[in-house]
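Thanks for asking me to look this one over.

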Amino acid sequence: MATPLASGSAPTDDSDLEDLITKEGSPSRSASAAKFNLDKITDHPVTTHSFLGPFYLLSYTCSLCLSSRLSKCILIFFALGLISTLINPTQKTGIMGADYSAIQSAYDLSLSQVHHWCISGDNDSCACEDPLEPQHRQEFKSWNAAHKANVAEVSLYRALYGEQPTTIDVDTGKARPGIDVAFLGESVVEAMDGRWLGKHILGKDGENQDFRRIDKTFEKFFRKEKGGTVEGVALGIAGDTASNVLWRIQHDEMPYDFNPKVWWILIGMNDLTRMQCSEEIVVLGILRVVEEIRLRKPDAKIVINSLLPMINYQGRGELTMADAVDFTARDEKARERTREVPASFRVGGKGENDDEKRHHHVRALKEKGPPPKKRDGPPPKPRNKKERERMEDKATKGPDLEKAMERKKKALKKQDKGAEKKVFRDNEKYHPKKPISPLLPMIKKHQLPPVWPAVHLINDKLKEFCAKHDSITFFDATSIFASDEGGGRHHMYVDMISPRGHPSPQGFAAWEGMIMSRLHKLLEEPAVSKSMPVETDDQAMGSEHVSDGKEASLPAEKNAPLLPGRNPQSPSTDDEHKGDEGDDDV
């Protein structure tokens, strides 16, 4: 009889347990093998040839992406960006609160029906002033100097009706002839005469500088003593808005004895691209200036120049001398000409208490004592790069101005890269928010509406106004500076004008040549008033104002480049549509 095992003792034979562990068909081994078996991914055994195959790499990459939480987050991120791009709403622009084409005086203009003040569609994001009230910029020294220079130019042409000016021009030693046309406006008008902020910008002696060419072009067209057939004067100040121009003509730039036969107006650029005003506010400002001229000079003819093509906004800061480089096209440096206004010349104010205010000012200065003495020695050196650049931007001459202009030119060149290939449309859609990067489409920032559709709408409204008023005509200069690709699509001639609407020397020559063609026709026509019957044949006022572009020739300058391979069409006018009320363009 076998003796039973003692309690707590273990068997000494482990062969059966080892067989269970080492058995090939054990479930644990099968699960482990299946866990690391990659054949299930490709549905065929892994070989050296299939490991390098494209299908294996693609399937393996997909399996890693689907099993990675980070990859899922990235996919969700881009899916949200795609959805935000597809549902990005568009905002309607160019809404006008009223129709101003039929107004008859400044009293018909009102702000009560204005839909919105700012180009973005609101009333708070812009720096617009009341377009119906005159505003000055006397807090800026450069603006005062420019206004004083304009008044000095006007004084050389002051004369009673039927008489010639008697004021002697110190540059020529004789009086100037009677005035034919006065150009009134802002930056572009001041640059026509080679000036910027009241100072002439000319190149070094012996060099053919851009501003020298611009100045010479104006003289050959609008200075009879230089061979021109028309006598003209440019009354512009860089950076001015319509309300600034209104203040100027009410203060010595339009005296009673200054009577040009034609007033040529170009304003609205700074209201739109610097102050970011809405199209309606820009139109109101321009019409307010027009009505002021009609009130003060009822016998004069008025031409409203279209806003020049623009696709970029300008900065809101005060302009400096370095900003003049936007009119140039070469890496040439400029210097300031001599004093523009005699030191003894004074601009008289029209206020009733001007003398009293001046005496109070003098008395206040006496009470404060003598001014502090100027510091001896050179000015303190800037502490860092930003402070040095700030000092250079404020310079009006010398090496600091040259450095500021060179830096400004490089910045504009970088900003305008690709502008010659950009297509701008009359009805371009506006998305208020724009992705900060194509890689981050869901993170967006606010953007301003496109500039050109606003310019196009303003020009259309001005054209409608001119079509309903005698002795006021519209001059469309768009075809000089931009091509018409059809369907409301345009390309800008970047060698003729900058994306901010500032013509180059070539652009000024072509534009002023077209202006001359129009002026010849205007000066030959009798003034039209409501008491005079208006002719209806082909020679009538309003049907034959269109220039064919062949009557004016560019100034005969040896080195002045012509327009290679380009023959811009004659500017269209509102006069083409007078008498054709069914025209859809009006």
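The points below go through the disulfides and then a further cysteine.

1. A word on the basis. This is a predicted model, in which local features need pLDDT of at least 70 and side-chain atom pairs count only at pLDDT 80 or more, while totals for chains, interfaces and linings use all residues. Residues are numbered from 1 along each chain as its sequence is written, and side-chain values use heavy atoms, with hydrogens and water left out.

2. How many disulfides are there? The count is 2, taking a disulfide as a pair of cysteine sulfur atoms within 2.5 Å. With bonded cysteines counted along the chain, the pattern reads 1-2, 3-4.

3. Cys-118 is bonded to Cys-126, with 2.1 Å from S to S. The torsion about this S-S bond is about -65 degrees, so the disulfide is left-handed. Both Cys-118 and Cys-126 are buried (buried means under 20% relative accessible area, exposed over 50%, partly exposed in between, with a 1.4 Å probe and protein chains only).

4. Cys-128 pairs with Cys-277 at an S to S distance of 2.0 Å. This bond links distant parts of the chain, 149 residues apart: Cys-128 lies in the loop between α6 (69-86) and α7 (141-155), and Cys-277 in the loop between α11 (269-273) and α12 (279-296). Helices here are DSSP runs (H or I, at least four residues), numbered from the N terminus.

5. For Cys-128 and Cys-277 the S-S torsion is about -140 degrees, so this disulfide is left-handed. Both cysteines, Cys-128 and Cys-277, are buried.

6. Please look at Cys-466 too: its relative accessibility is 0%, so Cys-466 counts as buried.

Key. Helices (H or I, at least four residues) and strands (E, at least two) are DSSP runs, numbered from the N terminus.
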